Amino acid sequence: MNKFSAVTEATAPGKIILFGEHAVVYGRPAIAAPISQLRAKAIITYSSSNACYIVAPDLNRHDRLQDLPPDDALALAARQVLDAAHIAQPPDVTIYVSSQIPIASGMGSGAAIAAAIIRALAMHLNRPDLQTNERVSALTYEVEKIHHGTPSGIDNTVVAYEQPIWFVRQLPQNQIEPFTVATPLRFVVADTGVPSSTKIAVGDVRRQYEAQPATFTEIFDACGRIAQTARLAIETGNITQIGQLMTENHGWLQKMTVSSPELDSLVEAALAAGALGAKLSGAGRGGNMIALVADEAMETAVRTALHHAGARSTLTTILQ
Ligand code: PMV
């Protein structure tokens, strides 16, 4: 796209965390993957109204950028790009935002919306240097702080790179390794329908860690070891082991108190219907769980069982 383009469009995917949520905040490795069929989209058009507008019909939003407060996530995404491009006066454009990713469900909707706005605006301004996965991820991270407080950085990374990601939060630079999947992995994703606040769940884990550091260090270490083994299993196509590790990881997340009766009953229902493994995905307390299935027949059985157990909705995503 160049500065004469009338319309600029960019999208970013939703995501699931396969292994290591919460422990990742404390420097243990985690694995996340994109859900490419669920996307956030930003479309930029020239506006004749001498202002930059952000319009998000699904969120009932139609605002001038200059009127929005510093902690508005959509405005912050746009401002990140303008600041990085050293542009003081926003261009006269309308940024339309839409998303198919459910909000507050652990599927990375906030990160995907921010990444789509950032990429589209960088394209509109003809700034390829701000369109690299690395830059989009870093700018999205700044927006994620509004949603999460102290995000590990895994969400912005996986939505910007749109590949399975091995992620370790560390200084001076996070370890980010896109990696290959030996055998396609079929996941059923089920929504409890219970909204979950990442900030609250992360804060509760922090308080418990501070009260019982030895116990929580053990829990985080166990999750880190699971992620380590799981990466090898994914790279070698050992799907039975991947499933077992998911279920094991769920057990540790229960010990962190981030599961919920709804998540537990969906995990149990998926396993009883034959899933190879199941766990909550994301911050927990509500939001989504994921189940690994071997084939379409198993997928149908598991999806049916999940609906009977109260899932609000289910979808299937294949990671390859
Ligand atoms: O935003 P969610 O629900 O996908 O949770 C993010 C994962 C956590 O590990 C719980 C938090 C973080 O910043 O890594």
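Is asparagine 60 buried or exposed? Asparagine 60 is exposed, with a relative accessible area of 75% (buried means under 20% relative accessible area, exposed over 50%, and partly exposed in between, with a 1.4 Å probe and protein chains only).

## What you're looking at

This is a predicted model, so local features need pLDDT of at least 70 and side-chain atom pairs count only at pLDDT 80 or more, while totals for chains, interfaces and linings use all residues. Residues are numbered from 1 along each chain as its sequence is written, and side-chain values use heavy atoms, with hydrogens and water left out.

Helices and strands here are DSSP runs numbered from the N terminus (helices are H or I with at least four residues, strands are E with at least two).

Most residues other than glycine have a negative phi, and most peptide bonds are trans. Here are some places to check against that.

Back to asparagine 60: you'll find it in the loop between strand 3 (53-56) and strand 4 (61-64). Its phi is positive, about 60 degrees, although it is not a glycine. Histidine 22 also isn't a glycine, and has a positive phi of about 70 degrees. Histidine 22 sits in the loop between strand 1 (7-19) and strand 2 (30-46), and counts as buried at 4% relative accessibility.

Then there's a cis peptide bond between leucine 171 and proline 172, with omega at about 0 degrees. Proline 172 belongs to the loop between strand 6 (165-168) and strand 7 (175-178).

## Two buried loop residues

Leucine 65 lies in the loop between strand 4 and helix 1 (73-84), and at 3% relative accessibility it counts as buried. What does leucine 65 contact, leaving aside its neighbours within four places in sequence? The partners are Cys52, Ile54, Ala75, Ala78, Arg79, Leu82 and Pro90 (contact means heavy atoms within 4.5 Å). Take arginine 79: it is 14 residues from leucine 65 in sequence, and the two are 8.6 Å apart in space, C-alpha to C-alpha.

Serine 196 is placed in the loop between strand 8 (185-191) and helix 5. Serine 196 is buried too, with a relative accessible area of 10%. Not counting residues up to four places away in sequence, serine 196 touches Ala104, Gly284, Gly286 and Gly287.

Now for a sheet: 4 strands make an open one, in the order 9-10-8-11, with antiparallel pairing (two strands pair if DSSP finds at least two bridges between them). Strand 9 (277-281) and strand 11 (313-319) are the edge strands, each pairing on one side only. On average, neighbouring strands of this sheet are turned by 25 degrees against each other, direction ignored. Helix 7 (residues 239-255) packs on the sheet and touches strand 8, strand 9 and strand 10 (288-293); the direction of helix 7 makes about 45 degrees with that of strand 9.

Strand 8 and strand 11 run antiparallel and are joined by 7 bridges, with alanine 190 standing opposite threonine 314 in strand 11. Strand 9 and strand 10 pair in the antiparallel sense over 5 bridges, and here alanine 278 faces alanine 291 in strand 10. These two strands form a hairpin with 6 residues between them, and glycine 282 in the turn has a positive phi of about 105 degrees. Strand 9 has 5 of its 5 residues buried, so it is largely enclosed by the rest of the structure.

## How the helices pack

Two packed helices are described by the angle between their axes and the distance between the axes. Axes are lines fitted to C-alpha atoms, for helices over the stretch in contact, and angles run from 0 to 180 degrees between N-to-C directions.

Helix 5 (residues 198-211) and helix 6 (residues 213-236) pack at about 120 degrees, with their axes 5 Å apart. That makes helix 5 oblique to helix 6 (angles under 35 degrees count as roughly parallel, over 145 as roughly antiparallel, 65 to 115 as roughly perpendicular and the rest as oblique). The contact involves Val205, Gln208, Tyr209, Glu210 and Ala211 of helix 5, and Pro213, Phe216, Thr217 and Phe220 of helix 6. For helix 3 (residues 133-148) and helix 4 (residues 154-161), the packing angle is about 140 degrees and the axes are 8 Å apart. That makes helix 3 oblique to helix 4.
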